[in-house]
Amino acid sequence: MVANQLPEFSAARLFARRSLYGRMVEANGAWRVHLNLALLLVILVLGVLAPLLPLQDPVKPDPLGSLRPPSSEHLFGTDTHGMDVFARVIHAIRADFALALSSVVIGALIGAPLGALSGYLGGWFDNFTTRVTEVFQGFPQILFAMAILAAAGNTLLNVVLVVAFYNIPVYSKMVRSVVVPLREVEYVQAAKVASVPTLGIVFRYILPNALVPVFSQLPLSCAYAVQMIAGLSFLGLGVTIPTPEWGSMIQLGANQMIFGHWWPSVFPGLALFLSVWLLSNVSDLLKSLVVRRS
Amino acid sequence: MNGRSLLLLGGLILVVAFVALKRTRISETQDRETDVLVIAIASDIETLDPPFSRFQRSNETNLNVFDQFFRYASRDTGKGYRVADVGTIEGAAIESWDWLDGQRRLALKIRRDTVFAKTGRTVTADDFACWFERAYGTDSGTLWNVETAKITKAEKTGDYEMTLHFSDPSPWFFSLFRDQSQAPIDHVAAAQHVESDDEWATRWLSKNDVGSGEFYVISWEPGVKMVLKANSKYWAGRAFFDEVELRIVPNSTARALLLREGEVDIATDLSTDELQALRGAPDVKVLSIPTRNQMILGFNTNTPPLDNVKVRQALSYAVPYELIHEGIFKGRGLVSAGPIPVQGRFHDSSLWPYAFDLEKARALLEEAGYPEGFELTLDIAQGQPLTEQVAVVLQDTFSQIAVKLRINPQSSAIFAEQLGTLEHQAWMRDLLWYVDDPGYTGELFFKTGAVSNWMGYSNLELDEVIRQLSVMVDPAGKARLAETYQKLIITDAPVLFLAELPFEIAMREEIDGYVQLPDNLLWYYPLYRKKDR
Amino acid sequence: MLESARQWCLFLLKRLGFLCISLIGVSLVTFVVTHQIGDPVYLLVGPKHTQEMLDNMVRELGLDQPLYAQYCRYISRLAQGDLGVSRYTFSPVLSDIRLRLPATLELSTYALLLGVLWAVPLGLIAGRHKKSWAAKFADLSARAGASMPAFWLGLLLIFVFYAELHWLPAPMGRIGRGFEVGTVTGWYTIDSLLAGNWSAFGSSVRHLVLPALTLAFTTSPSILLITRNTMAEVMKTDYIRTAKSFGMPPQTISRYAVRNLLVPVSTMIAMTYGYLLSGTVLVEVVFTWPGLGFYAVEAMNHSDYEPIMAVVLLSAGFYLLVYVLSDILSAIIDPRIRVGG
């Protein structure tokens with residue numbers, strides 16, 4: 001045998017490190033991985049390319065052509081303003097995903113280090129942070145978000161901040177649970193003895209272990225964030241008229257549904273449903289990569 | 001107890017439930033002996049004490065529960081409804097009157113056979129005097145009416161006579177005093193409920209009606225409903241309906257549905273889409289009545305770039321008047337044509353130059369020094385779909401002259417607050433001019449420092465015109481002043497006049513006798529149910 | 001014995017202390033936040049006003065005081081049971097809540113019941129037989145329920161079952177017009193049964209169906225998943241495998257397994273119930289259900305602080321109470337939790 005050629009059935013081959021992708025396929029089946037990733041990619045690409053696509057103007061009102069049912073000209077029909085629902089659904093991808101992603105990233109960027117510090121330091125800091133995060137999970141989310149937005153101003157930035165705020169406890173708890181068992185690990189003990197400052201220990205040695213769980217949680221958090229943002233805009237918060245966004249589109253069409261005009265609300269809702277579903281699935285796929293330490 | 005048996009149990013429960021539901025498909029309404037007019041309203045009645053009533057719902061109840069000083073006569077339009085004729089005043093609680101001293105004194109004769117429904121007492125001059133005392137004592141909205149009507153003193157000159165003293169002849173006296181809050185109140189009942197810290201019995205009167213009107217309140221479940229009963233001793237005869245039930249249904253679609261299902265007789269405050277849907281429904285009719293309600297976009301005339309009159313004129317040319325009328329209002333209502341509503345007295349269409357002309361708009365903007373356009377924030381109150389639709393259309397047309405309009409919906413409280421503190425850069429809402437007199441509108445809205453001058457607008461020449469209008473009773477003089485009034489406002493363009501809204505109300509086909517009042521309040525008295533038996 | 005009693009006291013004290021501090025924290029934050037929303041003063045005095053009327057109103061509402069003074073005033077009134085007066089229903093907030101709380105409770109409870117009846121059996125089967133159609137179906141429905149926006153589902157159901165099929169009544173309240181139901185509990189289903197009014201019962205049930213289904217479908221996934229996962233874990237444990245290998249009947253095995261499920265599943269059910277009280281907001285808006293959520297949304301639109309404060313405090317309090325109670329319950333079942341504190 002040639003030295004650099006792995007034999008067919010050797011033990012080495014069985015234990016060779018596979019790529020992340022390979023591991024995902026192995027754990028979940030090729031079909032599932034491919035379908036979910038591809039669909040999500042399609043949605044993201046559509047969102048990014050939306051202004052360049054051959055769509056109708058999503059913000060052009062046409063009062064004389066309002067509430068037209070789906071037709072060849074308007075694939076998803078028109079809403080009360082006369083705007084094309086199909087173009088709006090596609091353009092809304094940008095608003096919803098951008099807002100969701102930024103909130104989740106901000107939340108994770110604050111929550112993860114907080115969780116790591118809390119887990120590593122222990123003691124009263126840990127206790128205090130844990131209790132406080134528990135309390136904030138008890139807040140009636142939508143109501144409190146409404147109150148904050150009404151008080152601080154109904155801007156997109158505030159929506160992002162509020163949703164980010166709700167993400168902080170999630171990442172804090174998750175990272176903390178990864179960090180606590182690592183406190184006693186040898187290389188951490190060694191670093192302590194070597195007088196490496198606490199923050200350094202946390203960031204260089206401990207936090208990287210939490211990266212994979214955090215990344216696998218991101219899509220799921222995005223899913224919740226999209227839902228929360230849509231819910232808030234359904235109540236009229238955080239939208240600018242006439243920017244397309246699924247929640248506000250559903251709200252605009254809500255009263256029409258009772259009278260039989262189903263298309264202004266159904267299509268954005270489907271898009272929302274599909275996006276959240278895909279994000280959750282992708283999160284599951286990523287989570288299957290997390291090595292369990294049991 | 002394993003999973004399978006649990007599922008089976010669940011399935012069984014579902015089947016039972018389904019069968020039970022199917023079987024209980026009995027009619028969901030219960031019949032009554034008396035003929036009750038059921039009206040679905042959007043929110044609760046705030047107070048039964050007229051001087052403190054600030055919202056449309058309480059104003060409407062006060063209209064029907066109190067017997068006002070005067071009322072407008074009405075005429076048939078031949079379109080299935082009557083309208084109030086604002087040029088003709090009739091006496092209601094007041095039977096007749098005489099002007100004396102060159103209109104500086106008014107001798108009022110009080111109608112003798114009016115009775116307070118709840119106490120049985122006859123209305124006398126003391127009850128009117130009580131009303132005036134409360135107006136002064138409570139420092140409320142009615143005092144504004146008294147002062148704007150230029151009344152300096154109200155004195156009782158007999159058991160059934162009163163004399164009012166005026167500082168100047170008032171062209172608005174009758175219009176102001178047919179307002180729903182101007183009516184005698186039972187002074188004996190009021191006096192009985194005075195308390196040490198409440199000398200005007202405001203607490204008791206806010207929950208208890210003491211009027212001599214066509215109806216009186218027999219029950220009030222806050223947040224749920226209020227029931228009125230007909231006053232059988234009303235001087236003009238008893239109303240057709242034995243009772244009126246006001247059902248509080250906060251959601252407009254729900255009100256529309258209740259009407260369609262036949263569970264209420266009248267549904268108020270519906271959106272254009274709901275009215276449109278109801279137009280096709282069987283046994284339901286929608287009345288669409290042109291009114292003096294204008295959709296107005298107001299500018300803060302003190303901050304650039306809106307302090308420049310050419311900018312405001314430019315924007316006046318960027319409004320697609322016809323499209324708004326045809327597309328948003330579906331041809332109902334009227335195309336706007338100036339500060340005096342099209343249906344108002346002294347309106348002169350020839351004075352209105354603005355039409356949808358983007359070229360002119362661009363030219364004016366350039367003249368004003370804004371060839372690149374500018375950004376503009378438009379505040380509107382939440383929950384107003386019509387306002388929002390108009391704003392969206394404006395956003396589109398303004399963008400074509402490089403004016404970037406940002407629509408900012410606010411809660412009604414903040415919107416109202418910022419109107420008062422002049423914090424809006426631009427605002428949009430509908431305004432109903434129920435007194436058909438340009439001087440009144442000017443006094444309230446366009447005069448420098450006026451209470452509702454939400455534009456910070458000041459034009460001294462216009463102030464003088466308004467001042468003269470406030471004491472001018474001669475029609476020819478009024479016409480002259482009105483022309484100047486219109487010209488000044490049109491040129492200055494402190495606001496945009498976007499559309500004239502119809503008043504639309506939906507009711508069961510069998511309800512008839514509707515009279516449109518200038519303040520859009522629903523008057524229950526003349527309504528009746530057609531019975532084709 | 002004494003040791004265990006001491007443990008209990010410490011544990012309970014810690015938990016109750018946590019509850020109190022959390023509530024104070026919640027009230028403080030909410031108070032500060034809601035008071036930035038804007039004064040309803042202009043709305044209240046109306047357009048025909050004078051500066052004096054404005055100042056009087058400000059003084060009457062106590063808005064000229066510094067914020068901490070207003071907060072203290074609020075807390076002292078709260079201690080006396082005075083939640084303030086709503087500026088748009090024109091009645092005391094306490095009576096508004098008393099009217100609306102049963103509506104939300106009734107809806108949440110039936111939604112939870114439906115959710116549990118659906119999720120627990122399905123979860124048990126899916127956990128037990130991991131490759132069956134039931135497991136796949138459970139997976140799918142959990143994912144669907146968690147991904148679907150509740151307010152959209154509600155609209156869809158209204159469209160199908162009311163607008164198109166006319167099987168169920170219009171989404172405008174809890175019961176048809178003209179039905180008088182006594183107010184013993186405030187739950188229309190119970191009150192109508194107590195009064196023997198079958199048609200009213202039927203009507204209230206028909207109005208409950210769609211909103212309860214909507215809520216049940218979208219909030220039960222967590223219960224479904226935890227039931228399934230815990231069941232699957234339990235099936236893998238040694239003593240279950242031993243029992244199986246001894247040939248014990250499936251029912252006995254299931255019974256042993258279920259005992260282990262009690263703590264996690266009941267905790268999740270409790271959490272869901274606690275969450276439901278505030279989580280019904282969007283569904284209440286869609287169905288015009290006159291509950292707390294709808295009340296708070298209306299108050300928000302009118303810049304009306306008192307109801308918002310009251311509802312937020314109530315929901316947070318309810319959630320925290322349920323959380324603490326389920327903690328205590330778990331501690332009773334599993335003593336290890338007590339010591340951990």
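**Chain by chain**

Modeller: In chain A, which has 294 residues, buried residues make up 48%. Keep in mind that this is a predicted model.

Colleague: What is chain A built from, helices or strands?

Modeller: Chain A has 11 helices and zero strands. From the N terminus on, its elements run α-α-α-α-α-α-α-α-α-α-α.

Colleague: And how many of its contacts join residues at least 24 apart?

Modeller: Among contacts in chain A between residues at least 6 apart in sequence, the share that join residues at least 24 apart is 72% in chain C and 71% in chain A.

Colleague: You brought up chain C. How many helices are there in it?

Modeller: Chain C has 16 helices and zero strands. Of its 341 residues, 48% count as buried.

Colleague: Back to chain A. How do α4(A) and α5(A) cross?

Modeller: Helix α5 of chain A covers residues 123–137, and its axis comes within 7 Å of that of α4(A), crossing at roughly 135°. The two helices are therefore oblique to each other. The crossing is left-handed.

Colleague: Which residues meet there?

Modeller: From α4(A) there are Leu114(A), Ser118(A), Gly119(A) and Leu121(A). They meet Gly123(A), Phe125(A), Asp126(A), Thr129(A) and Thr130(A) in α5(A). By class, that contact has three nonpolar, five polar and one charged residues.

Colleague: What about α4(A) and α7(A), how do they cross?

Modeller: Helix α7 of chain A is residues 156–179, and the axes of α4(A) and α7(A) come within 5 Å and cross at roughly 35°. This crossing is right-handed. By class, the contact has 21 nonpolar, nine polar and two charged residues.

Colleague: Now the core. How many residues are in the largest nonpolar one?

Modeller: The largest nonpolar core has 305 residues. Those with the most contacts inside it are Met146(A), Ile229(A), Leu498(B), Ala506(B) and Ala296(C). Helix α4 of chain A, residues 85–121, gives the most to this core, with 16 residues. Another core, of six residues, lies apart from it, and includes Ile175(C), Val181(C), Tyr188(C) and Ala200(C).

Colleague: What does Ala296(C) touch?

Modeller: Leaving out residues up to four places away in sequence, Ala296(C) touches Leu143(A), Val281(C), Pro307(C), Ile308(C) and Val311(C).

Colleague: On to where the chains meet. How many residues does the contact take from chain A and from chain C?

Modeller: The contact takes 35 residues from chain A and 36 residues from chain C. On the chain A side, α5, α6 (141–152), α9 (198–234), α10 (246–257) and α11 (263–287) each supply at least two residues. α6(A) gives the most to that side, with 10 residues. By class, the side of chain A that touches chain C has 26 nonpolar, eight polar and one charged residues.

Colleague: Where is Thr30(C) placed, and is it buried or exposed?

Modeller: Thr30(C) is in helix α1 of chain C, residues 2–34. Thr30(C) is buried, because 25 other C-beta atoms lie within 10 Å. Not counting residues up to four places away in sequence, Thr30(C) touches Ala147(A), Met309(C), Val312(C) and Leu313(C).

Colleague: Last one, chain B. How many residues of α8(B) are buried?

Modeller: Nine of the nine residues of α8(B), residues 252–260, are buried. Among them are Arg255(B) and Arg260(B).

Colleague: What covers the buried residues of α8(B)?

Modeller: The cover includes α10 of chain A, together with β1 (36–41), β11 (266–267), α9 (272–279), β12 (284–299) and β16 (495–508) of chain B. Just after α8(B), Gly262(B) takes a positive phi of about 85°.

Technical notes. Residues numbered from 1 in each chain as written. Chains lettered and ligands numbered in written order. Predicted model: local features only at pLDDT ≥ 70, side-chain atom pairs only at ≥ 80, totals over all residues. Core = buried A, V, L, I, M, F, W, Y, C linked by C-beta atoms within 7 Å. Buried ≥ 20, exposed ≤ 12 C-beta atoms within 10 Å, placed from the backbone. Helix = DSSP H or I, 4+ residues; strand = E, 2+ residues; numbered from the N terminus. Contact = placed C-beta atoms within 7 Å. Axes fitted to C-alpha atoms, helices over the stretch in contact; angles between N-to-C directions. Parallel < 35°, antiparallel > 145°, perpendicular 65-115°, else oblique. Left-handed = near helix turned anticlockwise from the far one by under 90°. Nonpolar A, V, L, I, M, F, W, Y, C, P; charged D, E, K, R; others polar.
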